[in-house]
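Let's take a friendly walk through this structure, one region at a time. Please keep the view open while you read.

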Amino acid sequence: MEARTEDVEVTVSAPSRAGREDFKATSDPALEESADRGKAKLLGYTELYELWERQQWATQDLDFSQDKIDWHERIPEEERFQRMYGLSSFFIGEQKVADELGPMMRAAPEETQRIFLATQIADEARHVRFFDCFYGQVGVLDGADDLAARLKATEEHTNEAFHELFDDLLKSRVDRLANEPGDIDTLVEAITLYHMVIEGMLALSGQHFIIDYNTTQKTLPGFVEGFSNVARDEHRHIAFGVRFITDMVNTDDRFRGVIQGMLEEAVPVADRVIDPPWDEEDDSDLFGVSREETHAFAAQCLSRRLKVIGLF
Ligand SMILES: [Fe+2]
Ligand SMILES: [Fe+2]
């Protein structure tokens, strides 16, 4: 598997929030340097469920009043557009993963796995609500008054690779699982794609940089609070994925090939999702990091998790 970041010299600096204790409590290997040596202690499915019970939060508790002032009065128009582009992929992405998880939950072979995945469906629904509240209360989009209208408007800001990843690669596997819940190879592919690539490489890398950027710029405090909760949830979801894939590989070595094949297909597409459609020279230093830094951080997160699974 080729991650394009291997060609470039980039120092990977860990985002400041990666050291948070509540993030580390999830056992996501990407947060542990020891994972570079293939060492990490992963939580079991019931422990991950219990952690979910302890890590609850509510979109209704977030206050976006300062965010509204920042968005309309403090953030310049060109930067506002680029920020909206970046956030749109997250908004739509949350809606798509919330919609696709049901058949994957049903196909999981063990009850403890299904119970954890049921909590993840609730999380993904809350993430959609979080974006809907932020967009609605801050007034990010003119004339889009409800969730359906906001999703339609934000969809315009996603690129072709984004659709390839969600609407072709993921949806085709989930559709197969809906018809054939006993198809374990497809479930392993779907979890590799969903938890390792979409959540692990794409969502979390972007989330950390967006949170760090807003924190240093002292902008969008309500958004930062909510998005940090989303990131913590994602670490827990990815920890489930790493655990599941590790267990499957330990059960049958043949799954290594299934996972490898999925990564080879999906990682180049995911790498293209990271890049916005405008020329790189027009980047207004989007979220304070270069495209190379984002690619490098995403690749490091993936490789740490793969080492712990024993795939590297
Ligand atoms: Fe999510
Ligand atoms: Fe998630």
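A crossing of two helices is called left-handed if the near helix is turned anticlockwise from the far one by less than a right angle, and right-handed if clockwise. With that in hand, you can look at helix 8 and helix 9, whose crossing is left-handed. Please keep in mind that this is a predicted model.

## The overall layout

The chain has 11 helices and 0 strands. Read from the N terminus, its elements therefore spell out α-α-α-α-α-α-α-α-α-α-α.

Of the 312 residues in the chain, 47% are buried. Among contacts between residues at least 6 apart in sequence, 79% join residues at least 24 apart.

Helix 4 takes part in the next two pairs. How do helix 4 and helix 8 run, roughly parallel or roughly antiparallel to each other? Their axes come within 11 Å and cross at roughly 155°, so helix 4 and helix 8 are roughly antiparallel. Helix 4 passes helix 8 in a left-handed crossing. On the helix 4 side you will find Gly-86, Phe-90, Gly-93, Val-97, Met-104 and Ala-107, which meet Leu-187, Ala-190, Tyr-194, Ile-198, Ala-203, Gly-206 and Ile-210 in helix 8.

Now turn to helix 4 and helix 7. Their axes come within 8 Å and cross at roughly 15°. Angles under 35 degrees count as roughly parallel, and helix 4 and helix 7 are therefore roughly parallel to each other. The crossing of helix 4 and helix 7 is left-handed. Helix 4 makes this contact through Ser-89, Lys-96, Glu-100, Pro-103, Met-104 and Ala-107, while helix 7 brings Phe-162, Phe-166, Leu-170, Lys-171, Val-174, Leu-177 and Ala-178.

## The nonpolar core

The largest nonpolar core has 87 residues, and the members that touch the most others are Met-104, Leu-165, Leu-193, Val-197 and Ala-266. Two or more residues each come from helix 2 (45-54), helix 4, helix 5, helix 7 (160-179), helix 8 (184-217), helix 9, helix 10 (255-274) and helix 11 (291-309). Which helix gives the largest share of this core? That is helix 8, with 16 residues.

Leaving aside residues up to four places away in sequence, Met-104 touches Leu-117, Val-174, Leu-177, Leu-187, Ala-190 and Tyr-194. Met-104 is also listed in the contact of helix 4 with helix 7 and where helix 4 meets helix 8.

## Helix 6 and its two sides

Helix 6 (residues 147-155) has the buried residues Arg-150, Leu-151 and Thr-154. Because they cover an arc of only 100° around the axis, they lie on the same side of helix 6. An α-helix has 3.6 residues a turn, so residues three or four places apart point the same way.

What do the buried residues of helix 6 pack against? Their partners are helix 4 (77-107) and helix 5 (111-138). On the face turned away from the buried side, helix 6 carries the exposed residues Ala-148 and Lys-152.

## Asn-229, buried in helix 9

Asn-229 sits in helix 9 (residues 221-251). Asn-229 is buried because 22 other C-beta atoms lie within 10 Å, and the cut-off for a buried residue is 20 or more. Asn-229 and Asp-22 are 207 residues apart in sequence, yet 9.8 Å apart in space from C-alpha to C-alpha.

## Two loop residues with positive phi

Most residues other than glycine have a negative phi. Ser-27 is not a glycine, but has a positive phi of about 75°. Ser-27 lies in the loop between helix 1 (21-24) and helix 2.

Lys-218, also not a glycine, has a positive phi of about 55°. You will find Lys-218 in the loop between helix 8 and helix 9.

Terms used
Residues numbered from 1 in each chain as written. Chains lettered and ligands numbered in written order. Predicted model: local features only at pLDDT ≥ 70, side-chain atom pairs only at ≥ 80, totals over all residues. Helix = DSSP H or I, 4+ residues; strand = E, 2+ residues; numbered from the N terminus. Buried ≥ 20, exposed ≤ 12 C-beta atoms within 10 Å, placed from the backbone. Arc of directions from axis to C-beta. Contact = placed C-beta atoms within 7 Å. Core = buried A, V, L, I, M, F, W, Y, C linked by C-beta atoms within 7 Å. Axes fitted to C-alpha atoms, helices over the stretch in contact; angles between N-to-C directions. Parallel < 35°, antiparallel > 145°, perpendicular 65-115°, else oblique.
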